[in-house]
Amino acid sequence: MLTHAHDDHAGFINEVLSITPAEVVLHPLAEKFLKAGSNSERLEEIKNQLPFSIIYTPGHTADHISLKYRKIMFCGDAAMNNFLNINRFIIWIEDVEAYRQSWQKIINTDCDTIYPAHGKPFKKSDLEKYISKIDDIKLIN
């Protein structure tokens, strides 16, 4: 599973695919950034066969997805928890409104714990606590 097509998440995917029979599941918008022949076109076809739910969570990137398994959310870069962040925000946001809506989607699930791609796990209540601060984010063009 690739949460999105940034290099720190998908940088070696072409090499992995060239030496293994692995299949990749990703959002179709990520396809243009990755090698042709990825399985993004099969996302709808196979998502009911996966042991987790796929939640479209754009904002950081247009192609971002998160994965929910039982009471756990693997949020990729929808949030983070390390020394670079403030209020669990990721340091790069493409679309503030989509980012806020994605946090709300995560909050609306029955997950308890969120595992970000960067930093330590944290409780969903952190997103509930900080979601109003998203309105203060100003993007630099």
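I134 touches F89, V96, Y99, R100 and W103, leaving aside residues up to four places away in sequence. The model is predicted. Of the 22 residues in the largest nonpolar core, I134 is among those that touch the most other members, along with W103, I106, I114 and L127. The elements giving two or more residues to this core are β3, α4 and α5. Helix α4 supplies the largest share, five residues.

**Helix α4**
- Helix α4 covers residues 96–107, twelve residues in total.
- From first C-alpha to last, α4 reaches 17 Å, close to the 16 Å expected at 1.5 Å a residue.
- At the start of α4, a side-chain oxygen of D95 comes to within 3.1 Å of the backbone nitrogen of E97.

**Burial of α4**
- The buried residues in α4 are V96, A98, Y99, S102, W103, I106 and I107.
- Their cover includes the strands β1 (53–56), β2 (65–69), β3 (72–76) and β4 (113–116).
- Helix α5 (125–130) is also part of that cover.

**Aromatic rings**
- The whole structure holds four aromatic pairs.
- One of them joins Y99 and W103. This pair is tilted, with 5.6 Å centre to centre and 40° between the planes.
- Y99 and W103 both lie in α4, four residues apart, or about one turn of the helix.
- Both Y99 and W103 are buried.
- Ring pairs also bring in F89, linking F89, Y99 and W103 into a cluster.

**Charge over a ring**
- The charged end of R88 sits over the ring of F122.
- The distance from that charged end to the ring centre of F122 is 5.1 Å.

Note on methods
Residues numbered from 1 in each chain as written. Predicted model: local features only at pLDDT ≥ 70, side-chain atom pairs only at ≥ 80, totals over all residues. Heavy atoms only, no water. Expected span 1.5 Å × (residues − 1). Buried < 20%, exposed > 50% of the residue type's maximum accessible area, 1.4 Å probe, protein only. Contact = heavy atoms within 4.5 Å. Polar contact = N/O pair within 3.5 Å; in protein donor to acceptor, adjacent residues only side chain to side chain. Core = buried A, V, L, I, M, F, W, Y, C linked by side-chain atoms within 4.5 Å. Phe/Tyr/Trp six-rings, centres within 6.5 Å; stacked < 30°, edge-to-face > 60°. Lys NZ or Arg CZ within 6 Å of the ring centre and 35° of its normal.
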